[in-house]
Amino acid sequence: NFLNQSAVGQKLENDEQLYRIVYEAREGYQSGYYDLMVTKAGGLLGLGHGTGKVENLDSGWLQNIVIGVPAFLNGSVPHIERLQQDVEDGITKLKERYTPFDLFTTTLADAHHRMRAIPPELYRRLSATLVNRNITREALEAIKVNDLHRIGHLITLEHTQLRDGFDLSSDSIEQLIKVSLDAGAYGAKLNGIGGSICVYAP
């Protein structure tokens, strides 16, 4: 209902139209609005940045996803909007030194040595963003060929970036992930800003 109302009386013909409404409302930022969209559309979706393209992906492996909630949440987890601002500030600083930089097309190798000139905190945020961009693209290909082990490995790699680049973890989350991986899970990562974890189990 929320998403339908967001269309301001428009009749939603397809998921692409819905995604465009959500994307424009958030000016391209990742947010819980996308979670609501996926809930409405169902399954596993690939969302094309700025294109309005919604790709329905094979979701057979989703039956092996387990959600874990830590006993103690980390009250100092940074707010997602502050992290987004850090990334935006990092991009602005980088473009002062490297005008052609583009978040979606510039390779990590091209950006890496130039990012050393921006403040360390912004460097961490932006570096993690670029690494996770590449992880997401690689994961999309792994999903398309149903490479379960690779999917799990990439899930864990993404968590590393969320933890080390964005400080989005806690001792209890790290313990849950360690226990899951030690027990044979293919991969594990935190969800959102650290309220729970997602475990991909065989």
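I started with the pair α7 (residues 148-166) and α8: their axes come within 13 Å and cross at roughly 165°. Axes here are lines fitted to C-alpha atoms, for helices over the stretch in contact, with angles from 0 to 180 degrees between N-to-C directions. The two helices are therefore roughly antiparallel (angles over 145 degrees). I noted the contacts (heavy atoms within 4.5 Å): Thr-156, His-159 and Arg-163 of α7 meet Ile-173, Glu-174, Ile-177 and Leu-181 of α8.

The model is predicted: local features need pLDDT of at least 70, side-chain atom pairs count only at pLDDT 80 or more, and totals for chains, interfaces and linings use all residues. Numbering runs from 1 along each chain as its sequence is written, and side-chain values use heavy atoms, without hydrogens and water.

Next I looked up α8 itself. Helices are DSSP runs (H or I, at least four residues), numbered from the N terminus. α8 spans residues 171-182. I found Ile-173, Ile-177 and Ser-180 buried (under 20% relative accessible area, 1.4 Å probe, protein chains only). Seen down the axis, these buried residues fall within an arc of 65°, so they line one face of α8; the arc is that of the directions from the helix axis to the C-beta atoms. On the other side, Asp-171 and Asp-182 are exposed (over 50%). Just after α8, I logged Gly-184 with a positive phi of about 110°.

Last, I checked α4 (residues 80-97) against α6 (residues 120-144). Their axes come within 8 Å and cross at roughly 95°. That makes α4 roughly perpendicular to α6 (65 to 115 degrees). Among the contacting residues are Leu-83 and Val-87 in α4 and Leu-122 and Leu-126 in α6.

Conventions. Expected span 1.5 Å × (residues − 1). Parallel < 35°, antiparallel > 145°, perpendicular 65-115°, else oblique.
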